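Please inspect the sequence and the structure before working through each solution.

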Amino acid sequence: MNLKPTIGIETHIELNTNTKMFCRCRVVDTEEPNVNLCPTCLGLPGALPVPNEKAIRYITLLALATGCSITKKGMFHRKNYFYPDLPKNYQISQFDLPVGENGNLEIVIDNEKDYVEIERVHMEEDTGKSSHEGSGRIDSATSTSLDFNRSGIPLVEIVTKPVIKSSKEAVAYIEELRQLAIELEISEGKLEKGNLRFDANISVAPSESNELGTKVEIKNMNSLRSLERAIDFEIKRQSSALENGDIIIQETRHWDESKETTTSMRSKEGSADYRYFSDPDIPNMVLTDEFINQIKENLPSLPHENRNKLTETGLGLSDSNVLSKSEKWIFELYFEVFNNTKDSKASFNWITGELQGQMRKLEIKSLPNWFSPNFLSDVIKLIDENKISFTSGKVILEELIQMDTTPDEIAKRLDLYQENDEVAISKIVNEIIDNNQDIVERIKNGEDKLVGFMVGQIIKSSGGSINPGMAKEILSKELNL
Amino acid sequence: MELLNLSIRELNKLFITKKTKPSELYSEIFNRSASSEAALHAHLSLFEETNLVKAKKSDERFSKSENVGLLDGIPLAIKDNINIKDEKTTCSSKMLSNFVSPYNATVISKLDTEQTIYTGKTNLDEFAMGSSTENSAFGLTRNPWNTDYVPGGSSGGSAASVASRSSIAALGSDTGGSIRQPASFCGLVGFKPTYGSVSRYGLVAFASSLDQIGPISKSVDDARIVYSAISGHDSLDSTSINYEQIELPFEKNATIGIVKELMEDGISEESKKEVEKVIDILKLKGYNIKEVSLPLIKLSISIYYLIAPAECSANLARFDGVRYGLRVDGKTSYEMMENTRAEGFGNEVKRRILLGTYALSAGYYDEYYGKALRARKKMVDEFSTIFKECDYLISPTTPTEAFKAGEKTNNPLEMYMSDLCTIPANLAGLPAISIPTGLSSNNLPLGVQIMSKPLTDNSLLDFSEMLEKELEFYSTPEGWSK
C-alpha cells in the first residue's frame, strides 16, 4: 500500500513584551517560582483582565508578515478546561475571530522553495508550569508543584493547514518561523527556553486518496530533533498500523524523549469540550486601518526577503537560506565582504566556515571591536590575487581575531607574502633543477609524481613564500613538460 | 436627635459644626449592630477594632478642619463579594470561608481616599445568586420590617443593615436586581448605575456582563454621594466606561413611559398601585405620561437564566482548591478539585454552574447561549427605540412585597420570577433605581423602579430625588426590635 503522511503544526511563540498579556506584571526570566504574580495572573476572585496593546501589535505584525488577512473586529474568547496550572480554569484565547487568517510562509528544503499555508494567527495567554512528582503525568503524580510566573505571558499561536509532507519540511517550517519571530523582534526565539513550543497533527492516508487519514496530535516535543524524530516515528507507527489493517484512533499522544516513542495520553485533557464563548470582561477589539497601516509601514526585512537579497549576490538558495537564519551581524558582514570582493562563494565560505569556526574554537560570541569587515575582504582578495596561500589566509584570520592589527602587518611579520615575480621564481627553479638532475631525468622518463617533490623543494628553498601554482607552472615550462 | 436616621449630608454638617463626632456616630452604629445583628444577621463580619481607630482619626481631621469630603467618618456596610485588603471575602460560600483578599477592589480604594469607615462585610446569597439571602452558607438574613420575611437578595445583608441602621449606607452588587429588589423589600433606595460606570475590579464576578456595584441607602441623596465617590473610569477594568454623563429634560419637557409588560399578570395589585401613585404625582407636576410596550421584556428571565449561568460557569471555575479557599483532598489533582467543588458550593450555585455549562456545550451553544445573546441584542435595540420617545421608564421594582423566609426556597423558578422587573436593566446596561413609595397591607415596604438610558445616572438620581420629596415616604422599620 502506498501511503502519504500529512502534517499540521500548531506553534506557540512567547512574545517578549515587558509585561504580561492581561496584567501589569513584568515578564522576568527567573528560576525562583511564584514571584511574578498579581491578582489577575493568579486568578484571584474579582481580578479582571486588561489586554496588552503591545502584544496585540506584535501578533498583528506576525500576521501581516505571514501574509494573513487581518480581522479588524476581533474578539477574545474563554477556552474552558480544568487544569491546576490554569488559574482561572479558562484560558483567554481567540476563537472564530483570530487576528490573522489565511497566510503562508516561504521555506527552503533541498535547495528549493516551498510554501506552508497558515490557517490562523491568534492570541493566547500562557499557563503556569506544573511539575508532576513521581511521574510525568498529572493522573499518576504523587504531588504536583506549580509555578505561576509564566501564567499570563502573551503567546501568539500559529496554526498551519494540513499541508506539511515530511519531518524535514516540518523542521524547515519551524526554523523559518523562528527566524521570522527574531527578525520581527517579537521573541528571542530560544527553543531551549520554551520561547517556541509546537504540537504536530499527523495523519497517514493512501497516496491516491483525496481525504486525510485520522489525525493524531503529538505533544511534548521540545527541540527540532524531537520534532523530527516524533514525526518520523508517528508516520511509521500509523503506516504499519494501516498496513496491518488496524484503525487509527483520533487521540493525543505524548512524545517520550528517552524512549523515542509516542504513547497515548488517555486523560481528561484529551477529550475536552472547551465551551468557547466571548469573554464578557473584554470588549470587542477593533484594529483600525491606521493601526494596521502603521505596522505594515514599519515591517522589517523578512527572512524570505533577506534570502532573495542573498541569492541576488549569486549565492545558492541553500547557502542563502543558511545565512538568512544566521545572526544579524553575520548576515550584515556577508554583504560588506561581498561588496568588497564580489565573490559570493568565498565570502560565504570564509564567514560561515573559517570565521565562525575560529570563533567557536576560541569560544567567543562576537567579533572584537577592532575587527573590521575589510580585514576579511582583504584576506579573500590576497588569496584571489595569489599574494598569499589559502593556509596563510587562515593563519592571518586567526591572528586578526586575537589581536588589534591588520592582514598586511601579519603577512609581513610572518613573511606570508608569496613570491610572484616570475624572474625571481625562475632563478630558484633553475637552481633546484641544477641540483636535482637525477630527479629531472626520472620526470622526463615519465615519473610525473616527482613534479610535486620538485615543487616542494622549490617552496622549501624559498622559505614558503613562493606561490605553489606559479612554481609548478614555471617548472613545467623549464622542463618543457 | 437620632443620629442613625440622619442623611450623610446632615451628619457631615454636624461633624463640621462640631455638634457631634465620627467616633460618636460610630459608637451608636456599633451599639445598634450589637442588638440588630442578633435579630437580623445582616453582617458576616464587623470590623469593630480597626473602626474605633479610624473614627478617632476622622474626629481629628474634623477638629483640625482637615476633613476630606462628605464620606469622611461615615460608616458604610460592604457586601461580602467586594474585596477589602486583608479582610475576608467569603461571598457567603463555604468555598471562600477562609479567603483573605490581598488587594482592594477599586471601589474600596476610592472610598479609602474619602476616609470612609466600613462597618464590616454583609451577608448575601452565595456568590450573589439568589433573591432572598437565604442561599448563604452562613445563615439567612431577616427583613428588619418583619423578621419572618426575607430582606430580598442577593444584597440582603446590605439592605437589612441600612434599614436597621447598623450602617449609614451600603454597597451592594446588582446582576439581575440584587440591589434594587432588597432595597425595595426593606423600604430603601437602591441604585444600579449604568453598566461600566463603576469599576468591577475586585468585585467577585457572578456574571461579568451584568454585574454592577451600587449603593443602598435611606435617601436618593445618600445614594448620589456614594455613587459619585465610587464611579469613574478605571484602567483595571476593560469594561469601565470613560464618557460624560448625558442630561435628561425635566418636568413638562420630559416624557415618562409606563412599561406595559410590567403592569400585567404576575404583578400584584399593590405593586401596580404604587406605580399609579407615582404617575399621579408626575401628572400633577406636568410630566408627559405614556404607556409604552417592550415586548421582549417578557423574555428577559429566559435570556437572563442562559447568559448569567453561562458566564458564572466560567467565572466560578477558578474555585478549585488549588491556590486559595477550601481544599478537600483527593487521590489526584482532579479528584481534589472535584471534591472541593462538590463540598464548597451550595445547591443554587451548582444549579447555575450546571445550567451554564450545558448552555455553552458543543451542540447546544447556538440553541441556548447563542440565541440568548441574539435576543439580548434585540432587547437592547428595543430599549434604544423606546428611549427616543421617553426619558424615564417606570415600573414596579418587584412583582410583590417581600415574601416569607422559606416560602420559595424549594421553588427556584418562582424565586427567579421575583426579578422580572429588574433584570431588563441589567441585560441592557441601563441605570435603574428603586425608591420606596409606601407600605403594603402587611406593613411591608413597596417601591417603584425608574430606568433611563445609559449614562443618564445623574439625571435619574435628580428625577428620583424630586419624586422622593413628593412621596414623603420616610419611615424607620421597627419590626426587628420587637
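**Exercise 1.** Which residues line the second largest cavity?

*Solution.* The model is a predicted one. Begin with the volume: about 40 Å³ of space lies in the second largest cavity. Next, list the lining along chain B: B:Ala128, B:Gly130, B:Ser131, B:Gly176, B:Gly177, B:Ser178, B:Phe206, B:Tyr304, B:Tyr305, B:Arg352 and B:Asp419. Finally, sort this lining by class, which gives four nonpolar, five polar and two charged residues. Gly is counted as polar in this sorting.

**Exercise 2.** State how many cavities of 30 Å³ or more the structure holds, and describe the largest cavity.

*Solution.* The structure holds three such cavities. The largest cavity has a volume of about 90 Å³. It is lined by 13 residues, of which A:Phe22, A:Thr40, A:Cys41, A:Pro49 and A:Lys88 are the closest to its centre. By class, the lining of the largest cavity comprises seven nonpolar, two polar and four charged residues.

**Exercise 3.** Identify the residues that touch the most other members of the largest nonpolar core, and trace the contacts of B:Phe383.

*Solution.* The largest nonpolar core has 132 residues, and those touching the most other members are A:Tyr173, B:Phe127, B:Phe383 and B:Leu393. Helix α9 of chain B (residues 300-315) supplies the largest share of this core, ten residues. Leaving aside residues up to four places away in sequence, B:Phe383 touches B:Leu294, B:Ile297, B:Leu393, B:Pro424, B:Ala428, B:Leu430 and B:Met451. A second, separate core has 63 residues, among them B:Tyr26, B:Leu171, B:Ala229 and B:Tyr287.

Note on methods:
Residues are numbered from 1 along each chain as its sequence is written. Chains are lettered from A and ligands numbered from 1 in the order in which they are written. This is a predicted model: local features need pLDDT of at least 70, side-chain atom pairs count only at pLDDT 80 or more; totals for chains, interfaces and linings use all residues. Side-chain values use heavy atoms; hydrogens and water are left out. On a 1 Å grid over the protein atoms alone, a cavity is a set of points where a 1.4 Å probe fits but cannot get out, and a pocket is an open set with protein on both sides within 12 Å along at least five of seven lines; lining residues have an atom within 4 Å of a point. Grid points are joined across faces, edges and corners, and a volume is the space filled by probe spheres set on the points. A nonpolar core is a set of buried Ala, Val, Leu, Ile, Met, Phe, Trp, Tyr and Cys residues joined through side-chain atoms within 4.5 Å. Buried means under 20% relative accessible area, exposed over 50%, partly exposed in between (1.4 Å probe, protein chains only). Helices (H or I, at least four residues) and strands (E, at least two) are DSSP runs, numbered from the N terminus. Contact means heavy atoms within 4.5 Å.
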